[in-house]
Amino acid sequence: MKKVKKNIALILYRIILIFVKIIPAKQGSKHLLLIKVDEIGDYILFRNYFKHFRHSEKYSGYKITIVGNKAWKSLYDEYDRGIVDDVMWLDKTKYKKDLFYRFSFLYKIRKIKSSDVVNCIYSRSIDLDDGIAAVATGNKKIAMHGDTTNRVIKAENHDKNIYSEIIDAGDITMFDAVRNRNFTEEVLGIKGIAADIKLPIVFKNELPAEDYFVIFIGAGNPERRWPIPYFIDCVKYAVKKYNLIPIVCGGPGDEADAAIFADTYQGRVLNYAGKTSLPFMVELMSKSKFLICVDTGALHMGVAAGCAVIGLFSGKFYGRFAPYPREITENFYAVYPDFVDELIAKNDPVLYDTSVMKNDTMKMIPPYKVIPCIQNIML
C-alpha cells in the first residue's frame with residue numbers, strides 16, 4: 001500500500017511539474033538563479049563559493065537569486081546575508097507532502113524571469129532541483145555531471161532536456177568541497193579558488209568557561225545513528241582522563257535521545273540538544289576541544305568552525321564526505337568499521353558503489369576505535 005501511495009504521489013508531482021512548465025513566462029535579462037536546496041552539510045561545503053559568483057566578471061551586473069533550503073536559513077542569515085540580491089527559501093518537507101505548496105513554489109520560480117540558471121548540486125533529482133531548473137526561464141542552464149543517488153534509471157538521461165551545459169567537475173571519489181570548487185571555476189572561467197569552508201564566526205552567546213567537548217548524537221538518516229552506550233563510553237574516558245565537561249548537542253527531534261544519554265550517563269553533562277540555534281552550535285564547536293559526530297551536517301559545521309572533529313562513517317560515500325583533504329583541515333579523524341578499513345587498505349572499488357555500501361553499518365564501529373583519536377587530539 002505504501003508503495004502504491006508513493007507511486008501515485010510521484011505521478012501527481014510529475015503532472016504538477018509538467019503543468020507549471022507550460023505556463024507562459026518571459027525570460028529576464030541578467031538575472032542568475034543559483035539552485036542549492038540540499039542539506040546543511042552540503043551548504044557548508046559550498047557556501048564559500050557563492051561570493052565568487054557575486055564578484056565574477058561573467059555575472060557582473062546580474063541580479064543573483066539563490067533558491068535555498070530553509071533548513072540552513074539561520075546559517076545563511078548569520079554568515080552570508082547580503083552576498084546575493086535575494087533568496088527563495090524552500091520548505092522541503094512541505095514540498096514533498098503538500099501538492100499546493102509544490103505548485104505554488106514552482107509557479108513562483110517560473111515567474112522570476114531568470115536569464116541564467118546554475119544548479120549547484122551533485123546528487124541531482126528530477127523531482128526537486130532539476131525540476132526547479134526545468135520550470136525556470138532562461139536558455140543558459142548549467143549543472144554538474146552528478147551521480148545517480150537521487151535518480152531513478154528512467155531519469156538518467158533527462159539532463160539534455162533541461163540544461164544547455166553539463167560540467168564534469170569530478171567523480172564520486174572526489175571530496176565534495178573540492179568538486180564544488182572545480183565546478184565554480186569552470187562555470188566562472190577562473191582559476192585559483194581555495195577549497196575553503198571556514199565560517200566567519202561572530203561570538204554572540206555566552207559559552208561555558210570550563211574546558212569542554214561536544215558530542216552530536218543526532219543523524220539526519222536514522223540508519224547513521226551511533227548507539228548511545230558507545231557515546232557514553234567515549235564520554236566517560238574523556239572526562240576521567242582529561243577532566244573535560246561533555247556537552248550534548250542535537251537538532252529538533254534529538255531531545256529524547258539526549259535525555260536518555262543524560263539519565264544513563266549519570267554524570268555532569270550540559271544538554272543543549274534541540275535548544276540551540278545553528279549559529280550558536282557553531283560558536284560552541286569553535287571553542288570545543290573536539291567534536292564526536294556521525295556522518296551528518298553538524299560534522300561539517302564543526303570543521304568549518306575550526307574544531308578538531310572525530311567523524312564516524314559507515315563507509316558509504318567514501319571519499320566524498322571523508323576523509324577531509326589536508327588543504328581544508330589537518331585536524332580531522334575519520335573512523336570506520338573494521339571491514340571498511342580493510343576495503344580502504346585494498347582501495348577496493350566497492351567503496352564507491354553506493355548500492356552496495358550501506359548506512360546502517362555505523363553501529364559496527366566500537367568505542368575503542370574512537371579513544372586513540374581523542375588521545376591524539378589531546379596530546
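Reader: Which residue forms a salt bridge with Arg225?
Author: Asp254 does, and the closest N and O atoms of the pair are 3.0 Å apart. A salt bridge here is a side-chain nitrogen of Lys or Arg within 4 Å of a carboxyl oxygen of Asp or Glu. This is a predicted model, where local features need pLDDT of at least 70, side-chain atom pairs count only at pLDDT 80 or more, and totals for chains, interfaces and linings use all residues. Residues are numbered from 1 along each chain as its sequence is written, and side-chain values use heavy atoms, with hydrogens and water left out.

Reader: Ok, and where do Arg225 and Asp254 sit?
Author: Arg225 is in the loop between E7 and helix H9 (228-242), while Asp254 is in the loop between E8 and H10, 29 residues apart. Helices (H or I, at least four residues) and strands (E, at least two) are DSSP runs, numbered from the N terminus.

Reader: Is Asp254 buried or exposed?
Author: Asp254 is buried, because its relative accessible area is 6%. Arg225 is partly exposed at 25%. The cut-offs are under 20% for buried and over 50% for exposed, with partly exposed in between (1.4 Å probe, protein chains only).

Reader: How many salt bridges does the structure hold?
Author: There are 20. One of them pairs Asp127 with Arg14, with 2.6 Å between the closest N and O atoms. Asp127 lies in the loop between strand E4 (116-119) and helix H7 (129-135), and Arg14 in helix H1 (residues 2-21), 113 residues apart.

Reader: What about Lys92, which partner does it meet?
Author: Lys92 meets Glu39 in a salt bridge of 2.5 Å, N to O. Lys92 is buried at 13% relative accessible area, whereas Glu39 is partly exposed at 38%.

Reader: Switching topic: what's the strand order in the open sheet of six strands?
Author: The order is E9-E8-E7-E10-E11-E12, with parallel pairing. Strand E9 (270-271) and strand E12 (332-335) stand at the edges with a single partner strand each, so one side of each has no neighbour in the sheet. Two strands pair if DSSP finds at least two bridges between them.

Reader: How many bridges join E11 to E12?
Author: Four, and the two strands run parallel. Ile310, for instance, has Tyr333 in E12 as its bridge partner.

Reader: And which strands does helix H12 lie across?
Author: Helix H12 (residues 297-304) lies across E7, strand E10 (291-294), E11 and E12, running at about 150° to E10. Axes are lines fitted to C-alpha atoms, for helices over the stretch in contact (heavy atoms within 4.5 Å). Angles run from 0 to 180 degrees between N-to-C directions.
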